[in-house]
Amino acid sequence: MTSHAPEGYDCPFCAVVQGTEKDGVATKQVDIVHQTDLLTAFVSSHQWPANPGHVLIVPNGHVENLYELPSEWAEPFQAATQLLARALKKAFDCPGISTRQHNEPAGGQDVWHYHVHVFPRFEGDELYGSDRQRVSEDVRSKQAEQIRRALKILEEREYGEE
Ligand SMILES: [Zn+2]
């Protein structure tokens with residue numbers, strides 16, 4: 001399969017997973033809201049203004065796109081997507097959720113490490129109808145805190161605690 005990553009690609013998502021991100025890289029450790037042996041979920045550094053707090057889920061191992069994703073990762077990935085969808089609903093009180101996953105330039109992919117977008121949706125938000133914007137670390141860390149709090153509530157409910 002053809003790779004679209006340039007020679008010697010300095011993968012920003014691998015850096016986040018490994019905690020080795022540099023100053024110039026947008027996503028930071030503070031953005032991480034959920035991490036397992038297999039995957040990492042973090043608040044997106046670039047967001048659409050009407051859909052604040054959208055999350056990306058990436059495999060911890062470098063895989064460029066859907067074609068290369070090991071099939072045994074599909075179930076844990078879907079489970080994490082569902083978990084984050086529930087957490088975003090709780091965190092941001094959004095009436096809907098969308099997930100998107102893009103492959104190759106023609107498919108709208110621009111980071112060469114497989115990722116699933118989970119978006120809070122609102123009536124008439126026209127997702128992708130406006131330009132995405134880089135969101136400050138300060139705003140993202142507050143969004144991440146809200147999501148982590150929602151995840152904790154969901155987790156406690158799962159285990160039957162008050
Ligand atoms: Zn990577």
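This is a predicted model: local features need pLDDT of at least 70, side-chain atom pairs count only at pLDDT 80 or more; totals for chains, interfaces and linings use all residues.
View 1. Not counting residues up to four places away in sequence, Ala144 touches Val30, Asp31, Val33 and Val43. Glu123 is 21 residues from Ala144 along the chain, and the C-alpha atoms of the two are separated by 23 Å.

**View 2. Packing of helix 2 against helix 3.** Helix 2, formed by residues 74-92, packs with helix 3 at an angle of about 115 degrees, and the two axes are 8 Å apart; the helices are therefore roughly perpendicular to each other. The crossing of helix 2 past helix 3 is right-handed. From helix 2 the contact draws on Arg86, Ala87, Leu88, Lys90 and Ala91, while helix 3 contributes Gln146, Ile147, Ala150, Leu151, Ile153 and Leu154. By residue class, this contact between helix 2 and helix 3 comprises 8 nonpolar, 1 polar and 2 charged residues.

**View 3. Asn60 in the loop between strand 4 and helix 2.** Asn60 is placed in the loop that runs between strand 4 (55-59) and helix 2, and this residue counts as partly exposed because 17 C-beta neighbours lie inside 10 Å. When its neighbours within four places in sequence are left aside, Asn60 is in contact with Val17, Leu38, Leu39 and Thr40. Asn60 and the Ala144 of the opening view are 84 residues apart in sequence, and their C-alpha atoms are 19 Å apart in space.

Notes: Residues are numbered from 1 along each chain as its sequence is written. Two residues are in contact if their C-beta atoms, placed from the backbone, lie within 7 Å. Axes are lines fitted to C-alpha atoms, for helices over the stretch in contact, and angles run from 0 to 180 degrees between N-to-C directions. Helices (H or I, at least four residues) and strands (E, at least two) are DSSP runs, numbered from the N terminus. Angles under 35 degrees count as roughly parallel, over 145 as roughly antiparallel, 65 to 115 as roughly perpendicular and the rest as oblique. A crossing is left-handed if the near helix is turned anticlockwise from the far one by less than a right angle, and right-handed if clockwise. Ala, Val, Leu, Ile, Met, Phe, Trp, Tyr, Cys and Pro count as nonpolar, Asp, Glu, Lys and Arg as charged, and the others, Gly among them, as polar. A residue is buried if 20 or more other C-beta atoms lie within 10 Å of its own, exposed if 12 or fewer, and partly exposed in between; C-beta atoms are placed from the backbone.
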